[in-house]
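Here is a short tour for you to follow with the model open.

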Amino acid sequence: MPLPKKLLSSFAAKNIPHAIIEHKKVFTAFDIAATTKTPLLRVAKTLLVKAGKLCAIVVVSAGHMIDSKKLAKALKVPAIQFVKEKDMLKRLKMGAKASLASFGSIYALPVLVDKAFAKQKKALFSAGSFTHSIHMAMKDFVKHEKPQIALIAIIKKIVKKKKK
């Protein structure tokens, strides 16, 4: 799937430096990190959430999990729902060969970024493709998307099974 022309043209219009990273076909932020050999903390995990009647793009580090209560508080709603893939494809009028981009401006949706992830100097973002990502400075992502920045994530705890 080619990258969204709307996104690339807005980068050009705003003189936003970025690099397009081509990689093998992957479906998760964790796989992007492994494929590109990028630390989990510098890879954006992007989700679509529904908060009341509002939908929003949420961006956290691939090494973190979204805290639903903190996210609901940041969005000033009692609860949030994670939008399922089939509903996301329908709602955003995306083809099955497209993935959710970290750039809410493509969809005219607000973006929320976790406070810890926003402190990264550079990060790898979903570009709306399973085979391409965008590497850019976090300050440029913030300049382009004007996201709400809030404490909305917690560190993933990896539990190892003990050998018997």
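## Ground rules

A residue counts as buried when its relative accessible area is under 20%, as exposed when over 50%, and as partly exposed in between (1.4 Å probe, protein chains only). By that rule, F125 and F141 are both buried.

This is a predicted model, in which local features need pLDDT of at least 70 and side-chain atom pairs count only at pLDDT 80 or more, while totals for chains, interfaces and linings use all residues. Numbering runs from 1 along each chain as its sequence is written, and side-chain values use heavy atoms, with hydrogens and water left out.

## Aromatic rings

The structure holds six aromatic pairs. Rings of Phe, Tyr and Trp (its six-membered ring) pair if their centres lie within 6.5 Å; planes under 30 degrees apart count as stacked, over 60 as edge-to-face and the rest as tilted. One of the pairs is F103 with F141, which is edge-to-face at 5.3 Å centre to centre and 65° between the planes. F103 sits in the loop between α4 and β6 (111–114) and F141 in helix α6 (residues 138–145), so this pair ties together parts 38 residues apart in sequence. Helices (H or I, at least four residues) and strands (E, at least two) are DSSP runs, numbered from the N terminus. F103 is buried at 0% relative accessibility, and F141 is buried with a relative accessible area of 0%.

F141 also pairs with F125: the ring centres are 4.3 Å apart and the planes at 10°, so this pair is stacked. Because F125 lies in strand β7 and F141 in helix α6, the pair ties together parts 16 residues apart in sequence. One aromatic cluster is formed by F11, F103, F117, F125 and F141.

## The largest pocket

The largest pocket has about 530 Å³ of space. On a 1 Å grid over the protein atoms alone, a pocket is an open set of points where a 1.4 Å probe fits, with protein on both sides within 12 Å along at least five of seven lines; lining residues have an atom within 4 Å of a point. Grid points are joined across faces, edges and corners, and the volume is the space filled by probe spheres set on them.

Of the 27 lining residues, F27, T28, A29, T46 and L100 are the closest to the centre of the largest pocket. Strand β2 gives the largest share of the lining, five residues.

## A74

A74 is in helix α3 (residues 68–75) and is buried, with a relative accessible area of 15%. Leaving aside neighbours within four places in sequence, A74 is in contact (heavy atoms within 4.5 Å) with L112, Q148, A150 and I152.
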